[in-house]
Structures are given as structure tokens and as C-alpha cells.
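Subject: Structure handover

Hello,

Here is the structure I promised to pass on. Please open it first, then read my notes below.

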Amino acid sequence: MSPFAIIALALILARAIAELWLSRLNERHVRAHTNEVPSAFRGMIDNATYRRSVDYTLAKSRFGDVVTVFDTALLIGILFSGVLPWAFGKFTAAFGTSVWAMAGFLFATGVALSIFSLPFAWYAQFKLEDRFGFNTTTVKTWVIDRLKGFLLALLFGFPLLALVLKLIEWTSPNWWIWAAAVVIVFQLLLLLIAPAVIMRLFNKFTPLPEGSTLRERLFALARRTDFPTRSIEVMDGSKRSRHSNAFFTGFGRFRKIVLFDTLVAQLAEPELESVLAHEIGHYKKRHVVKLLGISIVGVFIGFAAVAWLARQQWFYRAFGFEYHSGFAAANVVPAMLLFALLAGMISFWFSPLVHMWSRRFEYEADSFARATMGDAQPLVQALRKLTEKNLSNLTPHPLYSGFYYSHPTLLEREQALKTEA
């Protein structure tokens, strides 16, 4: 085993060990508060519901540990068994090394690897979520969703792969710059067409009825905050789950506000208004633009890393691939595949920094909602209800939440709102 292969194996094992350790740390922290509702939440949640939230948290944690162990074993087997170079050799012998063939190899490999996750996704939906009363989807809907996802990936993802690989031959040393630019433009186009086309393939969107007090209240909020929106729609999220959410999507004249029907059923009108004010806060504070900017930088860094690795003989040989110099799709594809499999081993350790930034955005959006509503109470009540209805973990370990929570905990958000007030 080459020195870099040893380093790669160490990184894989280090992440798995860290994830399992964080899971155990969080489980012990949650169990320490099992017997009674923590004092900060008394009066908000009854003992029976709190106990269910603890059971739900622990069940998800145990299931997550199984997934972590399986994914780690699968990744090690794929990277160090020689199956990837063997499959690459067989594929090129059968289909050649054209751009379309190489795109086909990457696409087929991605589909093959995703098949391993299907049993876990099925169990999570029909066993774990069903056990705690959240699942509302049928097996038919679940299967159709995945078929639709596959067809969309084939329709959009496969041609994009082919175009990126063609750019290698067209632009040679600078291919990664052009490839990153194309991927970014594609992502922006998806953001435009997703609300009107893609999302409607999976869910039904119904405008709030004309004349309803909720519609008038929310449109008044949009006008008051100078938030341009074409419509406010309710999505049939209850078709798949009892979990709830709200978001806005699209750009410019295509922007619209979306509320889950489960959210509308769970919250009073002032609470819904405060949730929408929070979402508008993300827009007014330019969080969406900032996150998009970070995403763009990340795409360029990723393609730059692939371009550099594609020129390193040691990188290819560490995983059993033959190294060939030159700007051809077949020479770069192994680097792309290996980078996609290994990138998470590095990005995992930066997740606390990313989540710290994300939580800062949430605090700012909460502050905007409080100022817009003139009172923090509607938002506090909304957050408490959503925490209770979703059986959220009320007592996560701080280190665990740092690695996995993009949002502050309920207690942290309430304390921030009270401090500001």
C-alpha cells in the first residue's frame, strides 16, 4: 500500500471514529436528561412528548451509527479492493474512451453506489419515521420518487457530465475554470426552473385562497418588508411526512413563498407570519447571495483540486489506476471519481466552521423577524411548537451540535431573542 493510500485510509477511519464518538457523546448527554423535562422547557412540552423526543433522538442515533459503519466499510472496499480500476478497464474496453462513454462510466458508477443506500432510505422512511408517526408516504410514492430522481439525473446530470468532459479536450490546461463556470451556470438555471418545473413533479402547490386572512396577512408582511414575491403557495408536504417547513424559492419575478401544509395546520396565523418574517430576513440580510457565493468558490476549488490531482501519478497508482498524461476525458475521469469519494473525508472537519456561519445567519434572521413583528413572542411560540411537533432533540451535546446542526438549538435561539429584547 502506497503512503498516500495509507493516509487516505487513515482519513476515512478518522472520520468514522469521530462520527461514532460524537454519536455516543450525544447519546449520553441526552440520556442524562431522560427522567424529566429540563427546567427551561417545562410548560412547553409534557413528559410523554418529551420522552418520545428522547426515544426518537436515540433511535435516529443508533440507525445513524449503522449507516456510518456500513458506508465506511463500503468506501474502504471500493477504494482498496481494486474494483474501480477493474470496472474502468472493463467499461473502456466495451464502450471506448469517448466523452459520452466516460460520462456514462461516471453516471453508472454513481447510480451503482446509490443502490447501496436504498435499503437504509427505505428503513428510515417505513420503519423509523413510521414508528414515531411521521411517515405518511406509500411504497408506491417512494418508488416513483426515486424513479423520477433517476430520470432527472439522466436528463440533466448525464449531459452536464459529458459537457464538462468535452471541455477538457476543448480548453486543455484551463479546462477546470471553464468546467466550474458551466456547472455554476447550470446550478443557477436549475434554481430558476426548479420552482416551475422540477418541484411540481413531486408535489402539488396550491395558492392561498383569495380573501383568506392568512393570505392578506402574509402579503401585507411581504409589502411591509419590501419582499417581492409573485405568490404564496401551500405544498402538500403531508403527502410524505408530518414534518413541517417553509421556504422561498426562485429569483426575481419568479420568486415565491412556499409553506408546507403541515406547517399551516400546526401554527396560528401570527406564528406563521413570524416564520415567514424569518425567511424574509434571510433574503434581506443577503444570506442567500452569500451562501451562493461560497458555493461558487467551492465549485472552483473542487475543480482546481481535480485538475491538480489528475496530473499526479502517485494519486492514480495509490488506488490501482494506470496514469496517463494529457488532456483527455479518460485521463481525468479517475481523478474526478476518486475526488468525489474522498472529498468528504476533508470537508467533515470543516463542518463546525460552516455551521457556525450558518447559525449566525439564523440569529440574524430571527432578529429581523423580531424587529419586523415588533415582538419576539410569535416566533418563540412557533419555534416551540415546531420543536415539539417534530420531536426535536432539546438537549444535544454542544460538540455534537457544532458538527451537525446548521441551526442553533431552541434554547440558544430563545436566549438570543431575550437578550436582544
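Which residues in the largest nonpolar core touch the most other members? They are Leu-79, Leu-165, Trp-175, Phe-303, Phe-319 and Met-336, out of 52 residues in that core. Helix α13 (residues 329-347) gives this core its largest share, 11 residues. There is also a second, separate core of 48 residues. Ile-45, Val-234, Val-275 and Ala-382 are among its members. Please keep in mind that this is a predicted model.

Setting aside neighbours within four places in sequence, Leu-79 is in contact with Ile-12, Leu-84, Phe-319, Leu-338, Leu-341 and Leu-342. As background, nonpolar side chains tend to be buried together in soluble globular proteins.

How many cavities of 30 Å³ or more does a search of the whole structure find? The search finds one.

Now the second largest pocket. About 840 Å³ of space lies in it. Its lining has 29 residues. Nearest the pocket's centre lie Ile-301, Phe-339, Ala-343, Ile-346 and Ser-347. The largest share, nine residues, comes from α11. The pocket lining divides into 21 nonpolar and eight polar residues, with no charged ones.

Start with helix α4 (residues 99-115). Its 17 residues, at 1.5 Å a residue, should span 24 Å. The end C-alpha atoms of α4 are 25 Å apart, so the two values agree. Which residues of α4 are buried? They are Val-99, Ala-101, Met-102, Ala-103, Gly-104, Phe-105, Leu-106, Phe-107 and Thr-109. The cover over these buried residues includes α3 (83-95), α6 (139-171) and α13.

Next is helix α15 (residues 377-389). Its 13 residues should span 18 Å at 1.5 Å a residue. The end C-alpha atoms of α15 are 18 Å apart, which agrees. The buried residues of α15 are Pro-378, Leu-379, Val-380, Ala-382, Leu-383, Leu-386 and Thr-387. A helix has 3.6 residues a turn, so residues three or four places apart point the same way. Among what covers the buried residues of α15 are α9 (261-266), α10 (269-284), α14 (351-373) and α17 (410-420).

**Backbone points**

Most residues other than glycine have a negative phi. Leu-391, which follows α15, has a positive phi, near 50 degrees. Asp-226 is not a glycine, yet its phi is positive, about 55 degrees. Asp-226 sits in the loop between α8 (213-224) and β2 (231-235). Is Asp-226 buried or exposed? Asp-226 counts as exposed, because its relative accessibility is 56% and the cut-off for exposed is over 50%. Arg-286 is not a glycine either, and its phi is positive at about 60 degrees. Arg-286 is found in the loop between α10 and α11.

**Two single residues**

Glu-19 belongs to helix α1. Its relative accessibility is 15%, so Glu-19 counts as buried. The cut-off for buried is under 20%. What does Glu-19 touch, not counting residues up to four places away in sequence? Glu-19 touches Thr-68, Phe-348 and Tyr-404.

Ile-296 is in helix α11 (residues 287-309). With a relative accessible area of 28%, Ile-296 is partly exposed. Ile-296 and Phe-219 are 77 residues apart in sequence. In space, Ile-296 and Phe-219 are 32 Å apart, C-alpha to C-alpha.

Over to you.

Best wishes

Terms used. Residues are numbered from 1 along each chain as its sequence is written. This is a predicted model: local features need pLDDT of at least 70, side-chain atom pairs count only at pLDDT 80 or more; totals for chains, interfaces and linings use all residues. Side-chain values use heavy atoms; hydrogens and water are left out. On a 1 Å grid over the protein atoms alone, a cavity is a set of points where a 1.4 Å probe fits but cannot get out, and a pocket is an open set with protein on both sides within 12 Å along at least five of seven lines; lining residues have an atom within 4 Å of a point. Grid points are joined across faces, edges and corners, and a volume is the space filled by probe spheres set on the points. Helices (H or I, at least four residues) and strands (E, at least two) are DSSP runs, numbered from the N terminus. The expected span of a helix is 1.5 Å times one less than its number of residues. Buried means under 20% relative accessible area, exposed over 50%, partly exposed in between (1.4 Å probe, protein chains only). Contact means heavy atoms within 4.5 Å. A nonpolar core is a set of buried Ala, Val, Leu, Ile, Met, Phe, Trp, Tyr and Cys residues joined through side-chain atoms within 4.5 Å. Ala, Val, Leu, Ile, Met, Phe, Trp, Tyr, Cys and Pro count as nonpolar, Asp, Glu, Lys and Arg as charged, and the others, Gly among them, as polar.
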